[in-house]
Amino acid sequence: MSLEMAAESSEGEEEGKLSGGNQVLIVDEDLRELGKKAAWSVSSCKTGNGVSSLRDDNLETYWQSDGAQPHFVNIQFQKKVRLQLVVLYVDFKLDESYTPSKISIRAGDGFHNLKEIKAVELVKPTGWLYLSLSGLDPRETFVNTFMLQIAVLSNHLNGRDTHVRQIKVYGPRPNPIPQQPFQFTSTEFITYSTIR
Amino acid sequence: MAQSRYLFAISCFQMNLLNEAEATLCPANEPSAEVPNGSAGHYLLGLIYRYTDRKKNAVHHFKMALSMDPLMWAAYEELCILGSAEEAVAFFGEAAALCIQKQYLNFSTSPKLHSSTEDCNLVDTRHCVSEDASPRQSKLMQGLKDISGNHHGAPVLGGTSGQPINSGLSNISFYNTPAPTMTQLSGVAPPLCRNVQPNGSNMSTQSAENSPRSTVNSTIQARRKFVDEGKLRKISGRLFSDSPRRSSRLSGDASVNANPNTTAVSGNGTNYSSKHLGGSKPSSRAFRSVTVRKGQPWANENIDEGNHNDILDDSLLNITSTTSTSSSTMEAKSYEQEAANIPVGGQVLSSSKVITGASEILTLLRVLGEAFRLACLYRCQDALETYQKLPHKHYNTGWVLSQVGKMYYEFDYLEADRAFGLARQMTPYNLEGMDVYSTVLYHLKEDMKLSYLAQELIQTDRLAPQSWCAMGNCYSLQKDHETALKNFQRAVQLNPRFAYAHTLCGHEYVALEDFENGIKCYQSALRVDERHYNAWYGLGMVYLRQEKFEFSEHHFQMAFQINPQSSVILSYLGTALHALKRSEEALVVMEKAILADKKNPVPMYQKANILMSLEKFDEALEVLEELKEYAPREISVYALMGRIYKRRNMHERAMLHYGIALDLKPSATDAAAIKAAIEKLHVPDEMDDNL
């Protein structure tokens, strides 16, 4: 799985340091982006560099915070969703002291009960960073939650504000056939599984 | 005037002003008025009722149309689509033959006949179709009528017996134009003719499909030229006692073969563009059945209702036969030899010839009609058998092969692919049924063939909904649902009465998880065609996903009633029943599904699922063992077996199967589920084993 590969190439495990970063965004086929179904908000922003720049598929535009640390990006869903992967695009070469250095990912039902599920430290990253939300236990492959919060705790070179260029959130694709315990994989089954 | 009422009604219909169209054809203040244009009018009225949801009236009018003109295939098609057709024999039987005969014989006794054969043929044939109410045509028609009126006080033909013919003959030589064909019409006003293009090759079956619009344009060009000639004729005609014929009429009726898919049933040799209509059955009469275009009625503006036309037609018929003998400019066709039998005066229409011709056509129509009816009822095997009864030259034509393909689509995609492939070889420019072909290729996951098909179709006709459906299927196969949706929406725009385009839009919305819009699309599809079972199925699936099991079951039931032989529908019906906790019924339905198609593994798998939930573990395992043989790489089979073994506390076997399942590389969700299950293997059974 490219997920694992990405993890190996850039870091150790959860508490480890992440450096480098992929130039190309490659995600597994059975994951799909869930950001469109969520409400995105940020703790603060500079005019013209707001939250929409995080979701515009444009790496030239970025979100710039405008206040005290920590800075938050809040992602709220209407119903509980299963999330597996968070991908960020940050670039030390362009942003230098604005590049995040410590990031914490929290999940919960709302602002009142967020709990940290992942913490990473970045070292001069340039490109797409894959942050897997899976635990070691296979039962923890997904995080089933209403809300995700990405907190930027500190920046490189002790910068106050931060730049993040793009964020994407991924979860598993649901079974195209409803009411089925497992997905069909062989051609024989798939051909007969739907009428078009 | 009746003729203009019909024209007006057609125009309203084209612009989707169904109320006005209906009011014109059936004026509210004249409840007993006859519908203008005879069978064509009834057909149009039937269409209007169909699209305004008054099914009974629609059926009534289609039947009327067929009784007035038994050769109106389009009306029969509509009946089949509405699911109300009786057996083909009823419509295309002896009575029909007699009816046709009567129509022709009536004409032969009228003195008006002979008359100036002349130009009418020449002129008319040239004009051909031109349904598209080109203004010139109507003017021409008017002009001609006036002329004839002036000269003879009788519509059209005028002239008395022998003399006109002579003058006619001289007229012919005066014009000296190669008469493309003799158009013969079925006695009653030919209803909606499709704009037809001369087509040399595949004629033989009749079809009422839409001819690609691009061809229409080219034919219009051709027609315009003829119209000019016609005008010339008209003017010079004034100088003669016999007015030039109403070309319009003939042209209108001609319609015919131009259509790539049709062949005038009666093996007519006549094809306007003077192409010899090859394979068709030679018929003594060589009359063409009027082919009608479904859903796009193009009226023949000439068509007058009533006897005028009939008389004209008939006389034309005679005339053409006579002129054929006399005029060397006429193309010789098979019928011409027979025409030679008819005395120049055209007085004696050999009634036996009419009957033979009529019965030949009707025999063919009976077979085609019966097959089509069975196809609409989704009795696939019967329909296929009926199509097999056709002689080779008729079977190997685009239309028939497409229909065969559609039947195979219901249960055997490979055969369907083959049939459609052949159809494309025969008639590469036919678009009807190509949307189904693209779905077949989608199911077979043949992305190369599918994209090639889509490209070809778009090149053939950018304005046909089928081309965009194929394109959309192409994108959908590559999981680009948004682009696919755009393509399907384009198809809908091009023809909102094309039910399948709506259904495909619905499928794409569902794939994008936009269930509301998906439901709306499926419902639009059903509004167009209530018997479009794919839309019922789509709705059932949406409700199944939303866990509204009662709705889901209802919709699958509706789909099942329309298409009782589809194993997929049955298996989902069973799933819905199982979700409603009616597991016994579910099992019965699953058995039916398994019987319906032995090659479909899904109902067996579902059966195992249901058995497991009913705790009949051994039976479930049996079924799954069978499935293992059939689909050895299907992960869900192993995973389910693992689960069952766990419930039976046979841990090693469970472990084995989970292991195999994992080796086959399941999706992330399933992998997680299976791994979790492995961890829990030695933990005592929890009630809800939802991994």
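A residue is called buried here when its relative accessible area is under 20%, exposed when that area is over 50%, and partly exposed in between, with a 1.4 Å probe and protein chains only. The model is predicted, and local features need pLDDT of at least 70, side-chain atom pairs count only at pLDDT 80 or more, and totals for chains, interfaces and linings use all residues. Residues are numbered from 1 along each chain as its sequence is written, chains are lettered from A and ligands numbered from 1 in the order in which they are written, and side-chain values use heavy atoms, with hydrogens and water left out.

B:S583 counts as buried because its relative accessibility is 11%, and its place is in helix α29, residues 583-596 of chain B; helices (H or I, at least four residues) and strands (E, at least two) are DSSP runs, numbered from the N terminus. Leaving aside neighbours within four places in sequence, B:S583 is in contact with B:L577, B:H578, B:I610 and B:L614, where contact means heavy atoms within 4.5 Å. With one of these, B:H578, the side chain of B:S583 also makes a polar contact of 3.2 Å. Such a contact is a pair of N or O atoms within 3.5 Å; within protein, one must be able to donate a hydrogen and the other to accept it, and residues adjacent in sequence count only if both atoms are side-chain atoms.

Seen as a whole, chain B has 34 helices and 0 strands, and of its 691 residues 63% count as buried. Among the contacts in chain B with a separation of 6 or more, 69% are between residues 24 or more positions apart.

The interior can be described through nonpolar cores, each a set of buried Ala, Val, Leu, Ile, Met, Phe, Trp, Tyr and Cys residues joined through side-chain atoms within 4.5 Å. In soluble globular proteins, nonpolar side chains tend to be buried together. The largest core here has 171 residues, of which B:Y76, B:F92, B:Y387, B:Y605 and B:L624 touch the most other members. Helix α15 of chain B, residues 351-376, gives the most to this core, with 12 residues. Apart from it lies another core, of 29 residues, among them A:V73, A:I105, A:A107 and A:I150. As for B:L624, the residues it touches, not counting those up to four places away in sequence, are B:Y605, B:A608, B:V637, B:L640, B:M641 and B:I644.

The two chains meet in a contact that takes 34 residues from chain A and 59 residues from chain B. Between them they bury about 3900 Å², 60% of it on carbon and sulfur atoms; buried area is the accessible area (1.4 Å probe) that two parts lose on being put together, summed over both. In chain A, the residues that lose the most area to chain B are A:F182, A:Y192 and A:R196, together 28% of what that side buries. Between chain A and chain B there are 15 residue pairs in polar contact, both at pLDDT 80 or more. Helix α3 of chain A, residues 187-191, gives the most to the side of chain A that touches chain B, with 4 residues.

Side chains of opposite charge can pair when their charged atoms come close. A salt bridge is a side-chain nitrogen of Lys or Arg within 4 Å of a carboxyl oxygen of Asp or Glu, and the structure holds 22 of them over all chains, with 3 between chain A and chain B. One of the salt bridges joins A:R196 to B:E508, the closest N and O atoms being 2.9 Å apart. This pair crosses between chains, from A:R196 in the segment after α3 of chain A to B:E508 in helix α24, residues 499-511 of chain B, and both A:R196 and B:E508 are buried. A network of salt bridges links A:R32, A:K37 and B:E513.

Within chain B, B:K449 forms a salt bridge with B:D417, the closest N and O atoms being 2.9 Å apart. The pair links distant parts of the chain, B:K449 in helix α21 (residues 447-460) and B:D417 in helix α19 (residues 413-426), 32 residues apart. B:K449 counts as partly exposed because its relative accessibility is 37%, whereas B:D417, at 9%, counts as buried.
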